[in-house]
Amino acid sequence: MSHGRRAVLKAALGLGLWFSCLDSVPARADDARTARPQEGDRFVFPFGDREGQLVTLEDLPLGGPQQLAYPMDPGAKIVRNGSTLNLVALVRFDPAQLTEETRALSAEGVVAYSAVCTHQGCPVSMWQAQAKTLFCACHATQFDPRDHARVVDGPAPRRLPMLPIKLVDGVLTVAGGFTGRVGGERPS
Ligand code: FES
């Protein structure tokens, strides 16, 4: 296994542990940290050296990979990191590469999706550079971010919900709620 792939897998495993820890945070409906993204929210880095700093257009390489982010209420400066279901994947493309439906919910070619796999809820934290797809390492589902996160391969039963975004004074901003239910399949 190459060093790069080892590093990515390590990061994915780390995220898995981190997801487990955050899932133990009690969720309250009135807690802004656990509320789903709201119109007007901005995006911040979720962890690492730049945790809590705004994600800008310049932070997103054209053609991927994705940058994970949490929404933040810019007024109260509350990061909505109390629920793992709020983790978002931001990817930037040439707008001409997006399907019409996808472009309508994007800003300057940037698309935002729930980063929680619709299969069993793992973080969609990896990237397939050649196919330019979002990749869930748990059971190898690939989603096409240029086409509303259509499932290209793997067991996930549905697309990743999209989060409509817009630019406000040059800042990536949430324009509406997720287009569908976030999270994995519920056990029947
Ligand atoms: S949890 Fe993502 S493919 Fe199974």
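Lys132 is partly exposed, with 17 other C-beta atoms within 10 Å; a residue counts as buried if 20 or more other C-beta atoms lie within 10 Å of its own, as exposed if 12 or fewer do, and as partly exposed in between, with C-beta atoms placed from the backbone. The structure is a predicted model, in which local features need pLDDT of at least 70, side-chain atom pairs count only at pLDDT 80 or more, and totals for chains, interfaces and linings use all residues. Residues are numbered from 1 along each chain as its sequence is written.

Lys132 lies in the loop between β6 (126-128) and β7 (133-136), where helices (H or I, at least four residues) and strands (E, at least two) are DSSP runs, numbered from the N terminus. Glu108, which is partly exposed with 14 other C-beta atoms within 10 Å, lies in the loop between α2 (100-103) and β5 (110-114). Most residues other than glycine have a negative phi, and most peptide bonds are trans. The table gives the phi values of these two residues.

| Residue | Phi |
|---|---|
| Glu108 | near 55°, positive |
| Lys132 | near 55°, positive |

The peptide bond from Gly64 to Pro65 is cis, with omega near 10°, and Pro65 lies in the loop between β1 (42-44) and β2 (67-73).

Turning to the whole chain, there are 2 helices and 11 strands, and from the N terminus the elements follow the order α-β-β-β-β-α-β-β-β-β-β-β-β. Of its 188 residues, 38% count as buried.
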